[in-house]
Amino acid sequence: MPSIHADHHYTHDADTVWHRIRGFGDLKSWLPGVTDCSVTGTGVGATRTVSMATGGQVIEELVAYDEASRRFSYRIVAAPGVREENRFVATVSVRPVDKGCRVTWQADFDAADTPPEKLEAARQGGEKMYRFCLSHLATLLDS
């Protein structure tokens with residue numbers, strides 16, 4: 001199963017960073033390119049509709065949330081270029097490390113019948129986007 005992986009070290013403590021990103025419906029405050037994010041429901045099973053500056057929309061469902069471990073997982077229900085049979089599930093976690101914390105954003109998906117060159121381009125594009133978002137978060141935390 002292909003995966004997308006990005007992580008970033010922050011000089012801030014894990015609780016500070018977790019409190020900044022833990023809100024399932026709070027993407028607009030820290031994720032670049034998000035123009036709106038609305039949530040239906042609460043807790044695991046809630047869905048969010050994310051509107052992007054590009055005009056696209058993504059619908060995601062919260063599938064796991066662990067406040068004590070500073071981790072949540074979501075699956076993509078609908079998004080441009082993602083089909084339901086791709087079973088795209090991502091996990092964001094914050095863990096303390098020496099001199100700060102590390103945020104890891106990991107996604108696994110089923111490539112189905114995607115040609116290898118298209119799959120690799122999608123995987124690299126996803127990693128680039130995750131790294132950009134995590135770097136952007138660093139600038140917000142430092143401001």
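This is a predicted model: local features need pLDDT of at least 70, side-chain atom pairs count only at pLDDT 80 or more; totals for chains, interfaces and linings use all residues.
View 1. When its neighbours within four places in sequence are left aside, Phe24 is in contact with Cys37, Val39, Ala46, Thr47, Arg48, Glu60, Glu61, Leu62 and Tyr74. His9 is 15 residues from Phe24 along the chain, and the C-alpha atoms of these two residues are separated by 22 Å.

**View 2. Thr47 in strand S3.** Strand S3 covers residues 47–52, and Thr47 lies in it. Tyr10 lies 37 residues away from Thr47 along the chain, with 29 Å separating their C-alpha atoms.

**View 3. The largest nonpolar core and the residues that touch the most other members.** This core has 38 residues, and Tyr10, Trp105 and Tyr130 are the ones that touch the most other members. At least two residues of the core are supplied by each of strand S1 (3–10), helix H1 (14–21), strand S2 (34–40), strand S4 (57–66), strand S5 (71–78), strand S6 (89–97), strand S7 (100–108) and helix H2 (116–142). Helix H2 gives the largest share of the core, seven residues. As a general background to this view, nonpolar side chains in soluble globular proteins tend to be buried together.

**View 4. The surroundings of Tyr130.** Leaving aside neighbours within four places in sequence, Tyr130 is in contact with Ile4, Ala6, Tyr74, Phe88, Ala90, Trp105 and Ala107. Both Tyr130 and its contact Trp105 are among the residues that touch the most other members of the largest nonpolar core. Tyr74, one of the contacts of Tyr130, is also in contact with Phe24.

**View 5. The packing of helices H1 and H2.** Two packed helices are described by the angle between their axes and the distance between the axes. H1 and H2 pack at an angle of about 110°, and their axes are 11 Å apart. H1 is therefore roughly perpendicular to H2, since angles of 65 to 115 degrees count as such. The crossing in which H1 passes H2 is right-handed. Val17, Arg20 and Ile21 of H1 make the contact with Leu137, Leu140 and Leu141 of H2. Sorted by class, the residues of this contact are five nonpolar, no polar and one charged.

**View 6. Ser135 in helix H2.** Ser135 has a relative accessibility of 33% and counts as partly exposed. Although Ser135 and Tyr10 are 125 residues apart along the chain, their C-alpha atoms are separated by 9.4 Å.

**View 7. Arg70 and Lys99, each with a positive phi in a residue other than glycine.** The phi of Arg70 is near 55°, and this residue has its place in the loop between S4 and S5. The phi of Lys99 is near 60°, and Lys99 is found in the loop between S6 and S7. Arg70, at 17% relative accessibility, counts as buried, whereas Lys99, at 76%, counts as exposed.

Terms used:
Residues are numbered from 1 along each chain as its sequence is written. Side-chain values use heavy atoms; hydrogens and water are left out. A nonpolar core is a set of buried Ala, Val, Leu, Ile, Met, Phe, Trp, Tyr and Cys residues joined through side-chain atoms within 4.5 Å. Buried means under 20% relative accessible area, exposed over 50%, partly exposed in between (1.4 Å probe, protein chains only). Helices (H or I, at least four residues) and strands (E, at least two) are DSSP runs, numbered from the N terminus. Contact means heavy atoms within 4.5 Å. Axes are lines fitted to C-alpha atoms, for helices over the stretch in contact, and angles run from 0 to 180 degrees between N-to-C directions. Angles under 35 degrees count as roughly parallel, over 145 as roughly antiparallel, 65 to 115 as roughly perpendicular and the rest as oblique. A crossing is left-handed if the near helix is turned anticlockwise from the far one by less than a right angle, and right-handed if clockwise. Ala, Val, Leu, Ile, Met, Phe, Trp, Tyr, Cys and Pro count as nonpolar, Asp, Glu, Lys and Arg as charged, and the others, Gly among them, as polar.
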